[in-house]
Amino acid sequence: MTQDTQTQDTDNPIQMPPERLLQVENLVKHFPITQGIFFRKQIAAVQAVSGISFHIDRGETFGIVGESGCGKSTTARCVLRLLEPTSGKVLYRAESSDGSSGSHEIIDIASANKAELRRLRREMQIVFQDPYASLNPRMTVASIIAEPLVVHGIGDTADRIERVKELLKVVGLNPEHTNRYPHEFSGGQRQRIGVARALALNPAFMVLDEPVSALDVSIQAQVLNLMGDLQDEFGLTYLFIAHDLSVVRHVCDRVGVMYLGRMAEVADRDTLYERPMHPYTHALMSAVPIPDPTIERNRRRIILEGDIPSPINPPTGCRFNTRCPRAEFPRCSEEIPALKEVEPDHWVACHFPEVKQVV
Amino acid sequence: MSEPLLQVSNLRTFFTTEEGIVRAVDGLSFTIHKGEKFGVVGESGSGKSVTALSIMRLIEAPAGEIVTGEIHFKGQDLLRLGDEEMRKIRGAQIAMIFQDPMTALNPVYTIGNQLVETIMLHQEVRKSQAVDIGIQALDDVHIPNPKVRMDDYPHQLSGGMRQRVMIAMGLSCNPDLLIADEPTTALDVTTQAQILHLMLELTEERDTAVMLITHDLGVVAGFCDNIQVMYAGRLAERGTTDFIFDNTFHPYTAGLLGSMTRLDEVREERLYSIRGAPPSLINPSNGCRFTPRCDFAQDICGSKTPLPREFGDGHWAACHFAPDLDLSRVKRAERVG
Amino acid sequence: MTDRNLPPGDGYAALDEAEGLTVEPVTQWQLFRSRFVRHRLAMMAAVVLGIILALALFADFLPLENPTDQLEDDNGRIVNLLSPRAEYWFGTDELGQDVLSRVIYGGRTSLTVAVLTGLMVATFGTLVGSIAGYYGGWIDTLLMRFTDLILSLPLLPVAIVAAAWLREAFRGREALSLAILLGTLLWGTLARIVRAEFLSLREKEFVEAARAAGARDRRIIFRHILPNALSPIIVNATLVIGLAIILEAALSFLGFGVRPPEPAWGAMAANGGRLAVGGSGAWWLVLFPSVALIVTVLSVNFLGDGLRDALDPTQTIERR
């Protein structure tokens with residue numbers, strides 16, 4: 001499998017630059033497909049993530065954007081070890097276990113043991129896409145938000161209620177609503193409850209897995225503003241997973257574009273949107289509608305042919321070669337393009353990168 | 001503008017539920033002309049899909065009922081037609097495609113089977129002719145190897161392909177009006193671009209009118225001639241696409257525009273956001289239904305329902321203070337306080 | 001604190017109004033109650049069952065004859081095979097025992113067997129189903145193949161053979177032996193239902209959220225998943241109770257249930273049937289235990305229907 005992975009130059013595994021919070025190296029996640037009633041044997045694998053690398057600095061928002069099936073949510077869950085990575089490293093700068101402030105240790109989340117993981121869970125949290133599925137319908141708002149406190153044995157009941165009320169205020173909900181059930185709230189409010197739960201343990205790092213894509217347009221802005229405010233107030237670091245390039249442009253400092261389990265392009269926001277170089281990024285951006293009739297009428301769209309290939313049997317070489325308007329054969333179907341730094345802080349995995357303005 | 005094709009007036013469609021009567025569409029009037037690309041924009045619960053189903057007469061009794069209204073299509077009132085007459089119009093003259101093509105296609109029949117059935121239902125052709133028309137229809141929507149695909153079952157196709165099949169089916173009888181209810185919402189953005197491109201190309205070719213229902217203002221911007229913004233079962237604003245985007249009179253439309261993130265610009269400031277959530281349509285309060293969420297609301301808004309007024313050139317808005325509100329700060333800038 | 005979209009002035013009140021939030025919170029219990037009360041048949045069933053249960057529970061305090069006493073008239077003659085009349089509402093049987101008293105005390109036996117069976121099935125089925133569904137893999141394979149085995153047993157033949165053997169082992173406590181037998185045979189369906197629920201619930205985001213918070217398996221299973229699988233468990237347990245009453249009657253009818261003179265509906269109906277065939281014309285011996293049985297089973301099933309509708313989360317008044 002090693003030849004099937006991409007590498008981004010990374011520093012010495014256990015050393016990370018001081019500003020760095022998270023560093024993912026060669027992350028691979030395959031889901032086995034099994035057959036048989038008694039003895040399950042693996043007959044194939046869904047290659048959801050095939051060796052991706054990226055890093056996130058403290059206080060920044062890193063966005064991973066891509067279409068369904070590109071592996072972005074799988075990546076997020078592997079980073080939090082909600083899924084077991086098949087291989088690769090997820091280095092995280094954790095608060096030191098001796099509790100002295102300011103001292104840190106670097107832990108590989110991918111290989112951490114149960115005790116380490118439980119400690120890490122206090123620092124890393126996640127906000128989910130679907131505010132209807134992410135709150136337990138049989139629990140009150142108070143017990144939902146207090147759950148992380150209970151799990152880690154923090155405070156007594158009175159302390160927890162106080163904390164819940166405080167958190168409700170922080171996310172802009174009426175602190176009197178502790179005894180209500182999720183079904184009474186609108187989608188936007190439920191998403192705020194999910195955010196309050198994620199904040200309960202004062203995490204340093206938060207994965208936002210499509211936090212607004214299930215919400216109505218008028219509600220999306222509320223939640224995006226809230227996430228921005230919270231980042232400023234609590235110095236949070238975000239990994240923002242999304243399929244909507246306009247939202248990503250508004251929210252993220254640096255962005256990685258994924259296609260079929262691989263990173264196609266990574267750059268800081270302005271570079272990516274102003275000077276995209278990967279043909280897939282071009283197609284993706286040109287497909288996003290802009291709410292302005294004058295611009296829309298004059299835009300030239302790059303219409304991609306066909307559909308995304310199956311991750312069970314992905315194309316050889318560059319995975320985009322079957323749909324790429326610029327592909328040259330046989331190179332693109334044989335040689336995997338490495339993620340190379342083509343200009344400062346702008347990484348592209350393409351044999352023929354070219355700047356193209358598509359916005 | 002050419003002759004009117006569909007004229008809906010004072011439509012009210014209510015649903016009876018355990019909790020009470022839901023006034024899903026509550027007094028809506030609009031006109032779609034021949035060949036027009038008409039966008040209906042609104043959030044969930046705005047009544048946009050119910051409007052479409054009312055036109056198709058697909059409101060399920062006894063829970064749902066069209067309480068009042070007239071729907072004139074090419075001169076006849078659809079609400080006065082018998083079931084058999086309506087069935088002849090449905091699919092042949094007004095076709096509809098849905099958000100989720102998987103549920104709209106029957107999983108146990110092949111694509112060809114369903115396509116041929118639709119064609120034979122509305123056209124006086126023999127089976128072999130219907131098959132040819134079906135293959136042609138699949139070819140028109142750019143499905144590769146249409147002959148082979150006729151034998152595929154829906155689950156063998158991707159979401160984008162299934163939506164193409166639905167469009168092929170919808171257009172196979174050359175309808176005058178195509179109602180597309182969130183046709184691209186379930187699709188990825190590159191597939192969405194393919195499908196919208198295809199719909200525009202095919203309907204322009206045939207001069208088919210399209211009623212495009214969506215929550216995405218970006219989608220209507222490039223597709224539609226006119227837009228109708230709905231809120232809580234009623235009209236908020238209607239006008240040409242350019243006018244709505246550039247000169248909206250209604251705080252809700254302005255709020256929607258202001259709360260959208262855009263691909264082509266970085267907005268360092270916070271987004272404008274409309275507080276709260278769409279209201280329940282069971283026993284809605286008097287007056288303008290947007291009042292509790294509106295930054296411009298005054299006393300009159302909570303007590304008196306603003307009727308849609310025309311401000312010239314087909315531009316209608318339902319707001320007591322149109323066109324006098326200064327909405328510029330809502331549309332782009334930081335909200336104060 | 002930055003602007004959290006609080007409208008100026010009245011703050012949270014205006015915010016709640018903009019959200020369209022009801023003033024009074026509605027608890028799950030209120031929702032459940034309002035939906036259940038609307039289910040007329042289930043309400044009636046609940047009342048009827050309540051009466052039957054109360055009679056069975058408090059039979060000792062009622063002015064009833066002892067169910068196993070042979071009643072005599074003033075002349076010391078045994079009053080057997082009397083048709084229903086003012087002194088004996090349900091009549092008497094061939095041994096001179098009061099049928100009304102026997103039906104009520106028989107209900108005690110039948111309901112004990114049924115409720116014990118229901119509890120056993122609920123416990124065992126839930127345990128097996130949740131472990132199989134939550135952990136998956138080889139544990140799942142093992143437990144489910146075992147469940148399949150239980151489900152593939154032919155119910156009545158196995159029950160008869162086992163009952164014949166068990167009633168010797170449990171001499172004098174036949175009700176308990178029947179409950180153990182039926183409980184062992186009937187948990188398979190529930191285990192499958194619970195497993196299916198767990199398979200879908202464990203993928204839910206709120207379960208993932210609990211894992212992300214660091215919760216251990218046991219907490220996730222019992223605190224997060226199980227409460228959401230409660231409605232199918234309760235409904236299935238109710239149906240099992242109905243089934244157990246019928247099976248107990250069937251086994252007693254065939255002579256493998258509770259021993260006479262201990263009263264039980266199935267045995268009473270069987271006995272009455274034999275006498276009726278014998279030409280005694282004592283219809284009341286068949287009618288009253290049978291009606292008691294039918295009414296109880298129907299009520300239990302109606303109650304199950306009502307519970308299913310009232311507990312179904314898809315019928316919750318959801319906001320979208």
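Student: Where in chain B is B:Ala232 placed?

Tutor: Helices (H or I, at least four residues) and strands (E, at least two) are DSSP runs, numbered from the N terminus. B:Ala232 sits in the loop between β9 (226-231) and β10 (234-240) of chain B. Residues are numbered from 1 along each chain as its sequence is written, chains are lettered from A and ligands numbered from 1 in the order in which they are written, and side-chain values use heavy atoms, with hydrogens and water left out.

Student: What is the phi of B:Ala232?

Tutor: Most residues other than glycine have a negative phi, and most peptide bonds are trans. In B:Ala232, phi is positive, near 50°, although this residue is not a glycine. B:Asn145 is likewise not a glycine and has a positive phi of about 50°. The loop that holds B:Asn145 runs between α5 (127-140) and α6 (146-149) of chain B.

Student: Are B:Ala232 and B:Asn145 buried or exposed?

Tutor: Buried means under 20% relative accessible area, exposed over 50%, and partly exposed in between (1.4 Å probe, protein chains only). B:Ala232 counts as buried because its relative accessibility is 4%. B:Asn145 has a relative accessible area of 49%, so this residue is partly exposed.

Student: Which residues does a cis peptide bond join in chain A?

Tutor: A:Phe329 and A:Pro330 are joined by a cis peptide bond with omega of about 5°. A:Pro330 belongs to the loop between α10 (293-298) and α11 (331-334) of chain A. In chain B, the peptide bond from B:Ala61 to B:Pro62 is cis, and its omega is near 5°. B:Pro62 is in the loop between α1 (48-55) and β4 (64-73) of chain B.

Student: How many salt bridges does a search of the whole structure find?

Tutor: A salt bridge is a side-chain nitrogen of Lys or Arg within 4 Å of a carboxyl oxygen of Asp or Glu. Over all chains, the search finds 41 salt bridges. One of them joins the side chains of A:Arg20 and A:Asp57 (3.6 Å, N to O). This pair links distant parts of the chain, 37 residues apart, with A:Arg20 in strand β1 (residues 20-35) of chain A and A:Asp57 in strand β2 (residues 41-57) of chain A. Both A:Arg20 and A:Asp57 are buried.

Student: Which parts of chain B are tied together by B:Lys37 and B:Glu204?

Tutor: The side chains of B:Lys37 and B:Glu204 form a salt bridge (3.7 Å, N to O). B:Lys37 is in strand β3 (residues 37-41) of chain B and B:Glu204 in helix α8 (residues 189-206) of chain B, so parts 167 residues apart in sequence are tied together. B:Lys37 counts as buried because its relative accessibility is 2%. B:Glu204 has a relative accessible area of 54%, so this residue is exposed.

Student: Which residues are linked in a network of salt bridges?

Tutor: The network links B:Arg12, B:Arg23, B:Asp26, B:Arg234 and B:Arg289.

Student: How many residues has the largest nonpolar core?

Tutor: In soluble globular proteins, nonpolar side chains tend to be buried together. A nonpolar core is a set of buried Ala, Val, Leu, Ile, Met, Phe, Trp, Tyr and Cys residues joined through side-chain atoms within 4.5 Å. The largest one here has 76 residues, and A:Leu199, A:Met206 and A:Phe240 have the most contacts inside it. Helix α6 (residues 217-234) of chain A supplies the largest share of this core, 7 residues. Apart from this core lies another, of 69 residues, including C:Phe32, C:Ile245, C:Leu285 and C:Ala310.

Student: Where is confidence lowest and where highest among the helices and other parts of chain C?

Tutor: Where pLDDT is low, the predicted coordinates should not be read in detail. Chain C has a mean pLDDT of 83, and 92% of its residues reach 70 or more. Confidence in chain C is lowest in helix α1 (residues 12-19), at a mean of 76, and highest in helix α8 (residues 188-201), at 94. Over residues 316-320 of chain C, pLDDT stays under 50, and the model has 23 contacts (heavy atoms within 4.5 Å) beyond four places in sequence for them. The model scores ipTM 0.89 and pTM 0.86.

Technical notes. Predicted model: local features only at pLDDT ≥ 70, side-chain atom pairs only at ≥ 80, totals over all residues. pLDDT = per-residue confidence, 0-100.
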